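Trainee: I have just opened a new model and would like to learn how to read it. Could you walk me through its features one at a time?

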Amino acid sequence: MKVLLLKDPKDKESGPDPYIQALGLYRFEATLVPVLSFEFISLESLFEKLSHPECYGGLIFTSPRALEAIKICLKEKSKNEAWSKSLKQKWDTKPVYVVGKATASLGEKSNSSALLFPCGALKREVLPTVLREKGVPLESLTVYQTTQHAHLQESLSSYFSQQGIPASIVFFSPSGVRFCLQHIQKLAGDVINHIKFAAIGPTTAEAMEAAGIPVSCTAESPTPQALATGIQKALHLHNCSGPE
């Protein structure tokens, strides 16, 4: 059975994509179609802020792209030298929060310096709201914006023409829903009702429901194994109780 994954492939150097591997254990034939491109912006402003660690109580990240923005911003020789000479040491003394694990502990922050939050243009207001309620100041800076992958329409068309209608289609972000849905509706036609749609997490599931897509399964955690198990259940493959 075929599964279409609307996500970028993992870096080639790090081996096969874990989602394709996990689904393969259940004998699903999974294919990746890249959906998003990221454009980095405001990198001069980001370095300006990184140059003043004394103004901040720490850093907060909600996406790997924000970390990538910092790496790109520090590539320039003079900036890299300034970072290595003194800035890195100063930032190393401050906490770095990664959302998912640390939101609750942020309320216990005693100093009143703002947390620096490099983020995407499409950031949700959940985190700023939670922190505001806990009295934690946050200084957001948009360092990347999400656009549609240049070859998205072409990739989807060739998938449907070569592989036919997949048993399941997985969305990995609200942006993916926004960029792909219209193309998928056109390509699948009436057969769209036979496709089981899956979401990598609750935020994506909400976006799918808002767009009128019936969500057959939401992964219990955003991991390849949880997604594969969820799709397995959604497709009622009773003859296959688990990976072999």
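**Reading the cores, helices and loops**

Mentor: Of the 25 residues in the largest nonpolar core, the ones touching the most other members are Leu6, Ile169, Phe171, Ile184 and Phe197. A nonpolar core here is a set of buried Ala, Val, Leu, Ile, Met, Phe, Trp, Tyr and Cys residues joined through side-chain atoms within 4.5 Å. Buried means under 20% relative accessible area, exposed means over 50%, and partly exposed is in between, with a 1.4 Å probe and protein chains only.

Trainee: Which elements give two or more residues to this core?

Mentor: They are β1 (2-6), α7 (152-163), β8 (168-171), α8 (174-188), β9 (196-199) and α9 (202-210). The most comes from α8, with six residues. Apart from this core lies another, of 22 residues, including Val3, Tyr19, Ile200 and Leu235. As for the names, helices (H or I, at least four residues) and strands (E, at least two) are DSSP runs, numbered from the N terminus.

Trainee: What should I know about the model itself before going on?

Mentor: This is a predicted model, in which local features need pLDDT of at least 70 and side-chain atom pairs count only at pLDDT 80 or more, while totals for chains, interfaces and linings use all residues. Residues are numbered from 1 along each chain as its sequence is written, and side-chain values use heavy atoms, leaving out hydrogens and water.

Trainee: How many helices and strands are in the chain?

Mentor: The chain has 10 helices and 10 strands. Its C-alpha trace spans about 60 × 35 × 35 Å along the principal axes. Of the 244 residues, 42% are buried.

Trainee: Is histidine 183 buried or exposed?

Mentor: Histidine 183 has a relative accessible area of 15%, so it is buried. Histidine 183 sits in helix α8. Beyond neighbours within four places in sequence, histidine 183 is in contact with Gln148, Leu152, Gln153 and Leu156.

Trainee: And where is tyrosine 159?

Mentor: Tyrosine 159 is in helix α7. With a relative accessible area of 4%, tyrosine 159 is buried. The C-alpha atoms of tyrosine 159 and leucine 4 are separated by 8.7 Å, though these residues are 155 residues apart along the chain. Leaving aside neighbours within four places in sequence, the contacts of tyrosine 159 are Lys2, Val3, Leu4, Thr31, Gly164 and Pro166.

Trainee: How do I read a pair of helices, such as α1 and α10?

Mentor: Start with the axes, which are lines fitted to C-alpha atoms, for helices over the stretch in contact, with angles running from 0 to 180 degrees between N-to-C directions. The axes of helix α1 (residues 18-25) and helix α10 (residues 224-234) come within 8 Å and cross at roughly 40°. Angles under 35 degrees count as roughly parallel, over 145 as roughly antiparallel, 65 to 115 as roughly perpendicular and the rest as oblique. α1 and α10 are therefore oblique to each other.

Trainee: Which residues of α1 and α10 meet?

Mentor: From α1 they are Pro18, Tyr19, Ala22 and Leu23, and from α10 they are Pro224, Gln225, Leu227, Ala228 and Ile231. Proline 224 itself touches Pro18, Tyr19 and Ala22, not counting residues up to four places away in sequence.

Trainee: What can phi tell me about a loop?

Mentor: Most residues other than glycine have a negative phi. In the loop between α1 and β2 (29-32) is arginine 27, whose phi is near 65°, a positive value in a residue other than glycine. Arginine 27 is exposed, with a relative accessible area of 59%.

Trainee: What is the phi of serine 42?

Mentor: Serine 42 has a positive phi of about 55°, although it is not a glycine. Serine 42 lies in the loop between β3 (36-40) and α2 (43-50). Its relative accessible area is 33%, so serine 42 is partly exposed.

Technical notes:
Contact = heavy atoms within 4.5 Å.
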